[in-house]
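Reader: I am new to this structure. Please show me how to read it, one feature at a time.

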Amino acid sequence: MKVAVNTGALVESVLAELGAPWPERKLVVKLNTLPQCEGDPALLKQVWVNLLANALKYTRKRDSARIEIGAVVDGGTTVFSVSDDGVGFDMRYAHKLFGVFQRLHRAEDYEGTGVGLAIVQRIIQRHGGRIWVEAALDRGAVFSFTLSPGTRS
Ligand SMILES: Nc1ncnc2c1ncn2[C@@H]1O[C@H](COP(=O)(O)OP(=O)(O)OP(=O)(O)O)[C@@H](O)[C@H]1O
Ligand SMILES: [Mg+2]
């Protein structure tokens, strides 16, 4: 089902569901103005839940952390992003990230089954978009995605 989605309201409700504003943590979450998007609301919610749950999980061991959610319009295509300054990972392993059951961190350190991002990628592809990541070990990660093919390659 493809409808107009109020992305900002969706992200705010997901953050609340995930426990915002996390009084037990020294965490700043900056939610920038997000444009409306088109898509399946239930599937798009899952995208944000999985990306934001990761940002929360992989910053958890920081004394203080910052997560930023934003969007830029690039050649007519909106690029949404979730960035964090958590543990990050070595970009050499970036190609594994979106595979099912692929994890770059040990279950003893961070719980999980390694399916979250695989689901995110499938949902985004189904909407005609793509997702990519930039990260550095110990420096955090930035996940960016579009929901339509866009005008540039
Ligand atoms: N924000 C992030 N910072 C650092 N590493 C990340 C981040 N998001 C994902 N990863 C790495 O990518 C792997 C795959 O992420 P994914 O969300 O698919 O699995 P998970 O979080 O381990 O488990 P699940 O989401 O199924 O509970 C993670 O195990 C982790 O190593
Ligand atoms: Mg996950």
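Author: Start with exposure: a residue is buried under 20% relative accessible area, exposed over 50% and partly exposed in between, using a 1.4 Å probe and protein chains only. The model is predicted, so local features need pLDDT of at least 70 and side-chain atom pairs pLDDT 80 or more, while totals for chains, interfaces and linings use all residues. Residues are numbered from 1 along each chain as written, chains are lettered from A and ligands numbered from 1 in written order, and side-chain values use heavy atoms, without hydrogens and water.

Reader: Why is aspartate 90 classed as partly exposed?

Author: Because its relative accessible area is 22%.

Reader: What does the side chain of aspartate 90 make a polar contact with?

Author: A polar contact is a pair of N or O atoms within 3.5 Å; within protein, one must be able to donate a hydrogen and the other to accept it, and residues adjacent in sequence count only if both atoms are side-chain atoms. Here the partner is the side chain of arginine 92, at 2.7 Å.

Reader: Which residues come nearest to ligand 1?

Author: A residue is near a molecule if one of its heavy atoms lies within 4 Å of it. Of the 19 residues around ligand 1, the nearest are Asn54, Arg103, Leu104, His105 and Leu117.

Reader: Which atoms lie 2.8 Å from an oxygen atom of ligand 1?

Author: One is a polar side-chain atom of asparagine 54. Another is a backbone N or O atom of leucine 104. For valine 115, a polar backbone atom is 2.9 Å from a ligand 1 oxygen atom.
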